[in-house]
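This briefing goes through selected residues of one protein chain, grouped by topic. Keep the structure open while reading.

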Amino acid sequence: MKLLDGKLISRQIEEEIKNKIINNSFHINMAVILDISDSASLMYARIKSKVCDRLGIELREIYIDKNTSTDDLLGIIDVLNSDNSINGIIIQTPVSDKID
């Protein structure tokens, strides 16, 4: 059985991604939508933010709360989808019970 060094592999993968971004002159701008009332979501978003910083990816955080409805969330997604500078959207779960 071979023991893998997860941190080393993670750093190698990050370095490969960073080099691809730099070598291909990519400008990546991600949006993450997260519920501010969920502490775990905030923690995961901070981790994503740090990784994006290391990779040269711009991360835009959009905060929702427990009062956000499905229609509200869909409206936010529509705005982000129409923004040509956004390359990807992440919805950090869990979200409010009001969202289907």
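**A surface residue and its patch**

Leu4 counts as exposed, because its relative accessibility is 59% and the cut-off for exposed is over 50%. The model is a predicted one.

*Nonpolar patch*
- Leu4 sits in the segment before helix α1, which covers residues 6–23.
- Together with Ile9, Ile13 and Ile17, Leu4 forms a nonpolar patch on the surface.
- The accessible area of these four residues together is about 340 Å².

*Salt bridges*
- How many salt bridges does a search of the whole structure find? The search finds 2.
- One of them joins Arg54 to Glu14, with the closest N and O atoms 2.7 Å apart.
- This pair links distant parts of the chain, since Arg54 is in helix α2 (residues 39–55) and Glu14 is in helix α1, 40 residues apart.
- Arg54 is partly exposed because its relative accessibility is 42%, whereas Glu14 is buried because its relative accessible area is 16%.
- Asp83 forms a salt bridge with Arg60, and here the closest N and O atoms are 3.2 Å apart.
- This pair also links distant parts of the chain: Asp83 lies in the loop between α3 (70–82) and β3 (88–91), and Arg60 lies in strand β2, 23 residues apart.
- Asp83 counts as partly exposed because its relative accessible area is 23%, and Arg60 counts as partly exposed because its relative accessibility is 30%.

*Strand β1*
- Asn29 and Asp35 are both found in strand β1, which covers residues 29–35.
- Why does Asn29 count as buried? Its relative accessibility is 3%, and buried means under 20%.
- Leaving aside neighbours within four places in sequence, Asn29 is in contact with residues including Glu58, Arg60 and Ser85.
- Asp35 is buried yet has no salt bridge. The nearest side chain of opposite charge is that of Lys66, 8.8 Å away.
- The side chain of Asp35 does make a polar contact of 2.6 Å with the side chain of Ser37.

*Strand β2*
- Glu61 is found in strand β2, residues 58–64, and counts as partly exposed because its relative accessibility is 29%.
- A polar contact of 2.3 Å joins the side chain of Glu61 to that of Tyr63.
- Beyond its neighbours within four places in sequence, Glu61 is in contact with Val32, Leu34, Ala45 and Ser49.
- Glu61 and Asp97 are 36 residues apart in sequence, and their C-alpha atoms are 20 Å apart in space.

Terms used
Residues are numbered from 1 along each chain as its sequence is written. This is a predicted model: local features need pLDDT of at least 70, side-chain atom pairs count only at pLDDT 80 or more; totals for chains, interfaces and linings use all residues. Side-chain values use heavy atoms; hydrogens and water are left out. Helices (H or I, at least four residues) and strands (E, at least two) are DSSP runs, numbered from the N terminus. Buried means under 20% relative accessible area, exposed over 50%, partly exposed in between (1.4 Å probe, protein chains only). Contact means heavy atoms within 4.5 Å. A polar contact is a pair of N or O atoms within 3.5 Å; within protein, one must be able to donate a hydrogen and the other to accept it, and residues adjacent in sequence count only if both atoms are side-chain atoms. Patches are made of residues with over 30% relative accessible area and no salt bridge: like charges are joined within 9 Å, nonpolar side chains (Val, Leu, Ile, Met, Phe, Trp, Tyr) within 5 Å. Accessible areas come from the Shrake-Rupley method with a 1.4 Å probe; for residues, only the protein chains shown count as cover. Lys and Arg count as positive and Asp and Glu as negative; His and the chain ends are not counted.
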